Amino acid sequence: MHDAQMDYYGTRLATCSSDRSVKIFDVRNGGQILIADLRGHEGPVWQVAWAHPMYGNILASCSYDRKVIVWKEENGTWEKTYEYTGHDSSVNSVCWAPHDYGLILACGSSDGAISLLSYTGDGQWEIKKISNAHTIGCNAVSWAPAVVPGSLIDQPSGQKPNYIKRFASGGCDNLIKIWKEEDAQWKEEQKLEAHSDWVRDVAWAPSIGLPTSTIASCSQDGRVFIWTCDDASGNSWSPKLLHKFNDVVWHVSWSITANILAVSGGDNKVTLWKESVDGVWVCISDVNKGQGAVSAITEGQQNEQ
Amino acid sequence: MEELDVEPPLTLIPGVDSKRKKLCFAWAPGEMLVYETLFPKECAEKRPGCPNIFIVRKDQDVYSQTLRKLFNESHGIFVGLQRSEEELAGKSRKAQLVRVSKNYRSVIRACMEEMHQLANSTRVPELQCQHSTQVSILSAMELIWNLCEILFVEAAPAGHLLLHLLDWVRLHVCDVDSMVHEVLSSENPSKHKDFWNAVDIFVLQGRMDDARHLLSKEASANPTSMGMCKILDDLMKKMPILSVGNTQTLTEMELKWQHWHEECQRYLQDGTFSSNLHMESICKILLGDENAILEKKELMTTWYHFLVTRLVYSHPTVKPVELRFYAQSSMDLFLGGESSWEPLDSILMAAFEFEIHQVIKECSIALSNWWFVAHLTDLLDHCKLLQSHNLYFGSNMREFLLLEYASGLFSHHSLWQLGVDYFDHCPEYGKVYLELHIERIPLNTEQKALKVLRICEQRQMHEQVRSICKIMAMKAVRNNRLGSALSWSIRAKDAAFATLISDRFLKDYCERGSFSDLDLIDNLGPSMLLSDRLTFLGKYREFHRLYGEKRFSEAAKLLLMLMTAHIAPCSFWMTLLTDALPLLEQKEVIFSAEQTYELMRCLEDLTAGKTDNQKLQVDDVETTKVEILRLALARNLARAIVKEGTLEGS
């Protein structure tokens, strides 16, 4: 299995694995019912991502077979609703943009390009591609939370606020890049250098109303950095080393309220980190404060007890 | 990297083979998924399967039935406290805060009781174990809270302090009663093996009357020791205690106490009790002899009991600031060299040392749920005790804990509603936390969605309102409940969606000849203006209504207006014109000449719009329709002209 993601509400679980399948389970009330087994990829599937529920039940998956598939639940059944084959090699990461921007999917690929698929209605998708985003390949993409620039007064209905869309990407060129949309084009806004080996994952922290932005990145060099930018214009990013692990760090992810960062990799552990008030990151590893329930779901078995 | 006081706890996931596979994870609302995988990802070769996903849950307590009552009732107390009058100053405010503290404690005790019942009634050993553990945790919580109440909320001064501490000890060392009951109910109480233990424990807890009562049994049973009993009884009776209503000052009390102490001393030195070891030991205890008291270790069971007993008999007017020294030495004496410190011990010690933040910190580490520290800290914050401490978080400590607690509540399908109120009372981050969490609540039913919506609307969380309405509208469309979808999209002020749904309605009408959800469409009101298509839908329905009420000329006017004002989409014009047919065929002339010309123009516009190719491909039905219309229009025109001409004429 390469990825498992809960949907927005924690009621459904999507998993994907080397056997080319994408499976969806209903996990309400501790149950594990297989709802769908989606076939369509011709290679191991690397990642899945759920779109915001206001667009319906939509799931995106990306795979070694260079394809990105968007699946949708219609009348109780899951079907392929769109397939994108615009990349020349493995697509490693997919990430849906904040729902305020519409239904937009960013895909990072080993061919070094990043594609942005925007749903324009009636089954049509508009494609924008950033070629050579990272030399050798792009491993991860992560969107910045939607923040309306300027005044926070509620906009009259029907008018779309002018969001500044941004996302971060990490690649095999050891860099993290921040991309900004300007005049309907995507431009590289920042280049963050600190890693000495391939960047494996980036995660942009959810916003809690402060003017600062925070990005976590992890790399093959065993390091995890926390990048913060204090001003709203997004110009000066400063890294802070969270920790140096003894092994490759594969995955970083923020909790909903961005107060805990989870890191996996290095000595087979998932560690949890929290920032103390004086800005220092401390490992809490409090996945389970002494007690907790661990229940297992076994994939691929039809007859569950 | 900062040093932590304790090593981060390690959670072992059973069944994970860490040698062959690596762990990866994903966040879920309220939980975390951990699954085995193999890295690196680049190669595509087939690998042995990694079928397992583990769900690791942070807070199990939210799911416990009995604890739920704790959460619910404490929520009520919490909200009441936030809203209570701050204007009350001094004594009345303090009394109010003490009441709140007692309320919290009674809720804990009630929960404990229930848990205890459960533990006794269940026959499943794991459950019983679980419940019993829970009971002891709750009991420890109440013990700590009670002490904090005495020291921090009540902030009892010297004199009263000891009285409260005595009450505290008496309340929490419960084995006394059962033992005493056994002794008293036996045939010959004074001969019972636990008799002297009972007397001792009463003395140790300063319960003089009870001790004297037991002693009288000995006196009556054993005439030889009656003399000694009488003297001891007398000493006990005369022991000066500071009762709550007493008006004597501390100095007066101390003086009296000194006299009494000396009297006891004299009797001991005279050897009055030398023939009865038990009574001699009691006299020594009365004199505050540490060793004598320590001998009764088994009865006291805890060092804090020892502490209070010591104070009762050696420093009854102890001041709060002096407590720490006595506490430390009591613990050392009691535990001897075996420093088997439990977390509870360090928490209580921190309390005796008046290190509030230490208490909170230790409790946070020791307990599995934020409930306790969140509510206690909030209360202490209301007592204005947190600001004076130089904490990392200052007054934000309270908010930090409340945020953590409330966040935990959100993973529960109904307790989340309590969480909302907690966020409301966190001035800095409460709102944004609420925004982030409330979006994750599954909107399984319409009622739940409405509940969430109401909460968002009350707090002007417009983004969330829109988002929820959109989600519900989408859901309704998927389940073919168009009326519901329409009302949700109106509520979301989502013009695009409203257009979509209106189209669906119109499509349905074309296919079935009737509208569903008439009530909704009839009562659209000003929301009709949200989207053009919606306006058309509303007006079109109005046309049908007018027709049904036989208000033909009004209906006719409306119909025409729909086309000329371009409210109706071109695709619908044919249908509208077809709808006009019955009006054209009426006996009475409804459409005026002018109007008929308009209609004809519309028809021509419509047919002219088609290219030649289309004209050729148009099927017979279409052609026939157009022909019929042309005919009807012509006939109507004729009649209209005649009618109008006639009127003019006369």
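## Exercises on a two-chain predicted model

A:His41 sits in the loop between strand S4 (33–39) and strand S5 (45–50) of chain A. This is a predicted model in which local features need pLDDT of at least 70 and side-chain atom pairs count only at pLDDT 80 or more, while totals for chains, interfaces and linings use all residues. Residues are numbered from 1 along each chain as its sequence is written, chains are lettered from A and ligands numbered from 1 in the order in which they are written, and side-chain values use heavy atoms, with hydrogens and water left out.

### Exercise 1: a loop histidine

Task: Decide whether A:His41 is buried or exposed, and find which side chains join that of A:His41 in polar contacts.

Solution: 

Step 1. Start with the accessibility. Buried means under 20% relative accessible area, exposed over 50%, and partly exposed in between (1.4 Å probe, protein chains only). A:His41 counts as buried, at 6% relative accessibility.

Step 2. Next come the polar contacts. A polar contact is a pair of N or O atoms within 3.5 Å; within protein, one must be able to donate a hydrogen and the other to accept it, and residues adjacent in sequence count only if both atoms are side-chain atoms. The side chain of A:His41 makes one of 2.8 Å with that of A:Ser61 and one of 3.2 Å with that of A:Asp65.

Step 3. Finish with the surroundings, where contact means heavy atoms within 4.5 Å. Leaving aside neighbours within four places in sequence, the contacts of A:His41 include A:Arg20, A:Cys62, A:Lys67 and A:Ile69.

### Exercise 2: an enclosed strand

Task: Work out how many residues of strand S3 (residues 21–26) of chain A are buried, and which strands pair with S3(A).

Solution: 

Step 1. Helices (H or I, at least four residues) and strands (E, at least two) are DSSP runs, numbered from the N terminus. Six of the six residues of S3(A) are buried, so this strand is largely enclosed by the rest of the structure.

Step 2. Look for partners; two strands pair if DSSP finds at least two bridges between them. Strand S2 (residues 12–16) of chain A runs antiparallel to S3(A), joined by five bridges, with A:Cys16 as the bridge partner of A:Val22. S3(A) also pairs with S4(A) in the antiparallel sense, over six bridges, and here A:Lys23 stands opposite A:Asp37.

Step 3. Check the turns. Four residues lie between the strands in the hairpin of S2(A) and S3(A), where A:Arg20 has a positive phi near 70 degrees. The hairpin of S3(A) and S4(A) has six residues between its strands, and A:Asn29 in the turn has a positive phi of about 50 degrees.

### Exercise 3: a buried helix

Task: In chain B, explain why helix H10 (residues 277–286) is described as largely enclosed, and find which residue caps the N-terminal end of H10(B).

Solution: 

Step 1. Seven of the ten residues of H10(B) are buried, so the helix is largely enclosed by the rest of the structure. Among them are B:Met279, B:Glu280, B:Ile282 and B:Leu286.

Step 2. Identify the cover. Elements over the buried residues of H10(B) include helix H6 (195–204), helix H9 (250–269) and helix H13 (303–314) of chain B.

Step 3. Inspect the ends. B:Asn276 caps the N-terminal end, with a side-chain oxygen 2.9 Å from the backbone nitrogen of B:His278. Just after H10(B), B:Gly288 takes a positive phi of about 75 degrees.

### Exercise 4: the chains side by side

Solution: 

Step 1. In chain B, 62% of the contacts between residues at least 6 apart in sequence join residues at least 24 apart.
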